[in-house]
Amino acid sequence: MSNVVIQAQGLGKRYRIGANEADRASGAKSRFMRWKGPGHAAPASNGHKLDLHALTPNSNGRGQSAPQDSARELWALRDVSFEIEQSQVAGIIGRNGSGKSTLLKILSQITKPTEGKGFVKGRVGSLLEVGSGFHQELTGRENVYMNGAILGMSRREIDRKFEEIVEFAEVAKFIDTPVKHYSSGMHVRLGFAVAAHIEPEILLVDEVLSVGDAAFQKKCQKKIRQISQDGRTVLVVSHNLVTINRLASRALWLHHGQLRRDGVCEDVVQDYLDAIGSETMNAASRSSEHNPSNIDGLVIDAHPDFGLNINQIVLKDGSGRETLQFAPGDSMTVEIHYDAQIRIERPYLWLSVDGKLGPTFGANMLLDGHQPKSMYGTGVLKCTFLSLPLLPQSFTLRMALRANDMKTGIVNPQEIALFRVRGDMRDYGFSGAGLQDRVGNSVPVMLPYVWTMPDGTEHAVSIQPRSEIESM
Amino acid sequence: MQTLKPPASLPDTQIRHFQPGSRLEMPSLKPLWESRELLYFFVLRELKVRYKQTIFGWSWAILQPLFTMIVFTLVFSIIARVPTGEIPYPVFMLTGLLLWQFFTAAFRRCSGSLVENGHLIRKVYFPRLVFPISGNISCLVDFIISLPLLVVVLAFYRVMPSPNLVWVPVFVLITMLTAFGFGLWLSALHVRFRDVGFMLPFLLQIWMYATPVAYPYELVPEWIRPLYNLNPMVGVIDGMRWALLGNSGRPPDVWLLYSSLVVIVALTGGLIFFRRMENEFADVV
């Protein structure tokens, strides 16, 4: 007996979109028929990120190249096949509107596929929306029971876990207060606490990691990791590639509703980064939602006492373009967009660029002695590495922020971004016989050096853009 | 924290298949049975929430029919002088009204249940029938609460209930099924066409005038009765009167069988229609 717990064969999901031109042309009947389309009904739904929202033909190029049978139809998902075995943790990555949420909806039986089939084996718990079943007028206690039942728990099960849930959510004092008096943080915590205690064999997670405060997000991640360690199967949808990389061993990359790649997480994430990198070259401006260097959903965990929020990490290349892809020798600017509610005096920032083999180089205010006088309100702290002496490989950027006492970690060392160095080393004068095979596995840092041969000839090697070498 | 051991090998009964929905089939009862606890919680929620932030709270279940009875008595008895035989008009009125109000409430709750719970339908899966069923049951509770009003009014007018009383549950059941059967159609349609929400008050108003709530059946012209009896609530309301008062309304006769048939057709069709539309609730709601 195989231990495949999720199987999908040729899954497809079609949505109908109201086509305005056709309606204008014909009579009242077709105008009436247009109401049938989900494209009309869906936008009224209060802000839920249904894939459809991104699917209107003009939004961010998503609809244009999607396989369409006619102007009124759109395949949010097409011909997707895969199998997931028990206790695998798989990440689903892809742009907004690439079909990620639709896939999870089919797996959790919220919606039916238009074509294809498959099965899910075992109890499915979904963290599609934390606290979605809460009724404002009911108390926390009533809502725990209600929500638990909605998510598939029996009353006895909830009885048994009730204390644990309340403790996890840290709302014991308010458990008999109507939820409408809860703060949004309490609301989210209680919702997650219920969902996290379903103990399903298969857990589906959709972007939960991007709600709530940093401490809560960390709790989410910890819980998910624990669930996966228990041998349960987890499917995570997230924009946060760092998180996906950390949690998942396998990744499925959906692109315009089709499965573009399926394989070892790191590889798929790298390919994905390559692709969004090259797309950025073509598109001058994008909405922040599609901004490739802003890894949304990224959790940067800061010490709660300092009231510091890191809103965004932006990477820019030498020409000032936001990207996650750099040419060897290019400059890289790391921008840390922060919001400090409490004034932080003279903190120390530390950045580290890590390759596959470990740390390569960094920037450290504890060593160089330069510090911001203070961080207060919203602001940006930048660091530019003037020339990346790196071979075409993938790298992780880590940061840490220490208080003026040099000990207290305001932000403890953690991953804040993934980026890729890409380029053909032959353009830099490299021509070794082992170049193609080894460039991806070598120690990535290459400082300029000069060979002096026995006959006295000298050869300078340097990762500098070709034009600079020629002018030297 | 408690941890779950990895399931060694899951029994095949735990497999849930997904595939494109088929067109015509009845909803399966097994998942519905498995969701009975959820049903209980939904009914409980409806009841707890219904009278939140009201001054009179549960009393509304009694005040509503009481006020309606007073108004109808003024209009139909004092002004229009509708003849109700030896039964005082308020008694005549109330015996029909309580059941009718139960029907209206259940029908309305059923019809709106999917749209009101749209946020849940988009995010979690469980048998969708739970929504209309829980709406229906919660209204039954209100109906039961309103029954003491009937006792008081009967006592006030010194009317003795008849031994036909044992028939009351039958009429209540038919009422529930009628509200459920027709409510299913409208709940599924409501998801697609919000027009249903606007149409419903008129529909119910017309339906009430086509039902002998405020006037006796005898006033209806003979020739139109076959059509009139297509309305399942006609036999039910009259039957309820007969069951309670003995000398008013009509005993269960062939017409009741006729309306029961209408209910069965509406209910079966409603279930199939609901099942078919169920596939797209999450996409459209």
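**Close-up views of a predicted two-chain model**

View 1. Residues are numbered from 1 along each chain as its sequence is written, and chains are lettered from A in the order in which they are written. For the complex, the predictor gives an ipTM of 0.80 and a pTM of 0.70.

**View 2. The contact between chain A and chain B.** With contact defined as C-beta atoms, placed from the backbone, that lie within 7 Å, 48 residues of chain A and 35 residues of chain B take part. On the side of chain B that touches chain A, α2(B) gives the most, with 6 residues; helices (H or I, at least four residues) and strands (E, at least two) are DSSP runs, numbered from the N terminus.

**View 3. Strand pairing across the two chains.** Strand β4 (residues 115-121) of chain A pairs with β1(B) in the antiparallel sense over 4 bridges, where pairing requires that DSSP finds at least two bridges between the strands. Opposite B:Arg16 in β1(B) stands A:Val120.

**View 4. The partners of β17(A).** Strand β16 (residues 394-402) of chain A runs antiparallel to β17(A), joined by 8 bridges, and A:Ser394 stands opposite A:Arg420. The two strands form a hairpin with 6 residues between them, and A:Met406 in the turn has a positive phi of about 70°.

Conventions:
Predicted model: local features only at pLDDT ≥ 70, side-chain atom pairs only at ≥ 80, totals over all residues. Contact = placed C-beta atoms within 7 Å.
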